[in-house]
Amino acid sequence: MASPEPELDGRTVLVTGGGSGIGKGITAALLARGANVVVLEIEPDNIKSASAELDGGDRLAWFEGSVSVAAEVDAAFTLAAERFGSVHHLVNNAGTASLSLVEDMAEEDWDLIVDTCLKGTFLCTRAFVRQVTEDGEARSIVNISSLNAIAATDGLGHYCAAKAGVMQFTQTCAGELGRRGIRVNAIGPGTVNTPLGAGFTVGQIGQEFLDRTLVSPPRHQEPSDIADVALFLMSPAAQRITGHFIPVDGGQHVRGLHSYWDVAEAQGLVARP
Ligand SMILES: NC(=O)c1ccc[n+]([C@@H]2O[C@H](COP(=O)([O-])OP(=O)(O)OC[C@H]3O[C@@H](n4cnc5c(N)ncnc54)[C@H](O)[C@@H]3O)[C@@H](O)[C@H]2O)c1
């Protein structure tokens, strides 16, 4: 039987947005299992604080840049090749969100969220595939999507569209890349305790999610909950798993998600025009 423990000693993983939250949790878990990790991260402050926190030694390398700029993505893969050789696994995690009704949404907000979540996933996937050689090594891509890929909410039109796009892109890539030894899966986190998740884990909005959580005790997810599943998807135990979207949410999706906008409006935090 294949081991559920990923065989990561000497393997190289590129993680996007690894300076905070879920990406930092995945990076920590990878380092703890012996992987080399290259983090592509846009925020210098997050690089500074995370590199002080993560004990990676010379197995951890940072590249400051954006997932939505092709030249910067390609440069991050060049750094990975120079430091560690070929990249075995890619974690497309970088993302951002903001709350706005479509009617009021600035074009810049749409572009930022779609470029970060969806275009970034495409650019990193393309760079990953281009550096693959026919060496017979098992490879995989883990895309961090969201429950919003399958459950829309008012106020997150850009984010819901981008995350649903990531889900479909996962299936397309699973089809194109499976015969080349690359599995591609997506995780749909529910509410996760991170800086980005802070808007959805506190107050009435957070409580609504806890009310929909099936697993006992009801709680929001931690980055380590997402990291556990990401590492499983990289492991030999997942060698027959590709093209999947896996909610990691304590079952929140089963009860259907509430509209964050309506709750925020009831709290007086936002208002419809
Ligand atoms: N926190 C949640 O509740 C939750 C729920 C579902 C899905 N997600 C998804 O999980 C992923 C991680 O979110 P998080 O909660 O850890 O957020 P976070 O804000 O804590 O971390 C995101 C990291 O990505 C980096 N980043 C942003 N734009 C980037 C870019 N263009 N290039 C490179 N790095 C960039 C940020 O600087 C930050 O370090 C995102 O894709 C998010 O949409 C989060």
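**Group meeting: sheet, helices and ligand shell**

What you see is a predicted model, in which local features need pLDDT of at least 70, side-chain atom pairs count only at pLDDT 80 or more, and totals for chains, interfaces and linings use all residues. Residues are numbered from 1 along each chain as its sequence is written.

Strand 2 and strand 3 pair in the parallel sense, over 5 bridges. Pairing here means that DSSP finds at least two bridges between two strands. Strands and helices are DSSP runs, E of at least two residues and H or I of at least four, numbered from the N terminus.

Contact means C-beta atoms, placed from the backbone, within 7 Å. Axes are lines fitted to C-alpha atoms, for helices over the stretch in contact, and angles run from 0 to 180 degrees between N-to-C directions.

Then a helix pair. The axes of helix 1 and helix 8 (residues 223-234) come within 8 Å and cross at roughly 55 degrees. That makes helix 1 oblique to helix 8, where angles under 35 degrees would be roughly parallel, over 145 roughly antiparallel, and 65 to 115 roughly perpendicular, the rest being oblique. Among the residues in contact are Gly21 and Ala29 of helix 1, and Pro223 and Leu231 of helix 8.

In the loop between helix 7 (203-212) and helix 8 sits Pro217. A cis peptide bond joins Ser216 to Pro217, with omega about -5 degrees. Most peptide bonds are trans.

Last, the ligand. Which residues come nearest to it? Of the 32 around it, they are Gly17, Gly21, Gly95, Leu196 and Gly197; a residue is near if its C-beta atom, placed from the backbone, lies within 6 Å. Helix 1 (21-32), strand 2 (36-41) and helix 4 (107-130) each supply at least two residues of this shell.

Notes
Two residues are in contact if their C-beta atoms, placed from the backbone, lie within 7 Å.
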